[in-house]
Amino acid sequence: MTNSRKPTEGQVEQLRGTEMSRRQFGAASLAGGLVAATGSVTTAAAALPVTETDVEVKTPDGNSDAVLIHPTTGSYPGVLIWTDAFGLRPAFRDMGKRLAAEGYTVLIPNPYYRTTKAPGISKDLSFSDPTDRAKLMAVMSTVTAPGAAERDAIAYIAFLDAHPSVRKSAKIGTNGYCMGGPLTMRTAAAVPDRVGAGGSFHGGGLVTDKPESPHLLVPKIKARYYFGIAESDDKTQPDAKDKLKAAFAAANKPAVIEVYAGSIHGWCVPDMPSRDGVPIYNEPLAERAWSNLLSLYKTALV
């Protein structure tokens, strides 16, 4: 929800975004309240009643099972959500319902439809266990393979555009988590004229040394962007935010890049398990991220 309180100078400086001028950034952050000053989401009006339907989306590689959630009446901007590595499950359905209640038509596909129905993978698998990691990487490779997410994104957005609950005059948004973070960038680059906003939260692999690194797609992207980076990820790859920042600045594209102090990779997803006895999900920081996403969508999906 848009935060009506204007951010202070210090709060703006805390954002690690591009070197755009304040005039360029003003419409996205100041007027829209992109910088959340508090950690809670408040609503000025009652949530809209929503309809949740399991659907299938035809893609060049098969039929993707997915969930479509939208307000019961009317038409609204479309949003494509890319899940984390553990796939489409109740936590993401709840996220979709919450977003739809704000006035969006939300599509959440099973990213692993090529090999299994949702959720298709156990949340008990651990990246730190070699055997589990091999299983996870094998499943993830079905959507992270070159060109796969792009083909999917084109099909998913076409599906949204064909649905009566989507307002075609409005831009489409895409937000993703963990594995889904870079997939939002591949989506925005694949359908640049339709995607107006992207949000990546604890995205993994946003900057790599490979020629297909997502940050190299920035020149193709027309969407406004928000990146919420986990502090644990920033410690592991401290130059990633700087390379992202440089890529957006060089392309003169609007983006905000923020490191969430005290956050662990995966902090936005409520059903994430504890790691070494420490909870991964951080509700205050997750709410702050949610508020920033809503502010972005309310200013960019018009």
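## Contacts, burial and a pocket in a predicted model

In the protein chain, residues 24 or more positions apart account for 75% of the contacts with a separation of 6 or more, where contact means heavy atoms within 4.5 Å. This is a predicted model, in which local features need pLDDT of at least 70 and side-chain atom pairs count only at pLDDT 80 or more, while totals for chains, interfaces and linings use all residues. Residues are numbered from 1 along each chain as its sequence is written, and side-chain values use heavy atoms, with hydrogens and water left out.

Trainee: How many helices and strands does the protein chain have?

Mentor: Helices (H or I, at least four residues) and strands (E, at least two) are taken as DSSP runs and numbered from the N terminus. On that basis the protein chain has nine helices and eight strands.

Trainee: What percentage of the residues of the protein chain count as buried?

Mentor: Buried means under 20% relative accessible area, exposed means over 50%, and partly exposed lies in between, with a 1.4 Å probe and protein chains only. The protein chain has 302 residues, and the share that counts as buried is 54%.

Trainee: Is methionine 185 buried or exposed?

Mentor: Methionine 185 has its place in helix H6, residues 180–190, and it touches, leaving aside residues up to four places away in sequence, a set that includes Leu206, His215, Tyr225, Phe227 and Phe248. Because its relative accessibility is 0%, methionine 185 counts as buried.

Trainee: Where is histidine 215 found, and why does it count as buried?

Mentor: Histidine 215 is found in the loop between strand S6 (195–201) and S7. Among the residues that histidine 215 touches, not counting those up to four places away in sequence, are Met185, Leu206, Lys243 and Ala247. Histidine 215 is buried because its relative accessible area is 12%.

Trainee: Which elements are included in what covers the buried residues of H3?

Mentor: Helix H3 spans residues 90–100, and its buried residues are Ala91, Phe92, Met95, Gly96, Leu99 and Ala100. Their cover includes strand S1 (50–59), strand S2 (62–71), strand S3 (78–82), strand S4 (105–109), strand S5 (172–177) and helix H9 (283–300).

Trainee: What volume does the second largest pocket have?

Mentor: On a 1 Å grid over the protein atoms alone, a pocket is an open set of points where a 1.4 Å probe fits, with protein on both sides within 12 Å along at least five of seven lines, and lining residues have an atom within 4 Å of a point. Grid points are joined across faces, edges and corners, and a volume is the space filled by probe spheres set on the points. For the second largest pocket this volume is about 310 Å³.

Trainee: Which element supplies the largest share of the lining of the second largest pocket?

Mentor: The second largest pocket is lined by 19 residues, of which Gly203, Gly204, Gly205, Asp233 and Gln237 lie nearest its centre. Strand S7 (224–230), helix H7 (231–236) and helix H8 (240–250) each supply at least two residues of the lining. The largest share, four residues, comes from H7.

Trainee: How far apart are the C-alpha atoms of aspartate 234 and alanine 261?

Mentor: Aspartate 234 has its place in helix H7 and, at 12% relative accessibility, counts as buried. Aspartate 234 and alanine 261 are 27 residues apart along the chain, and their C-alpha atoms are separated by 9.7 Å.
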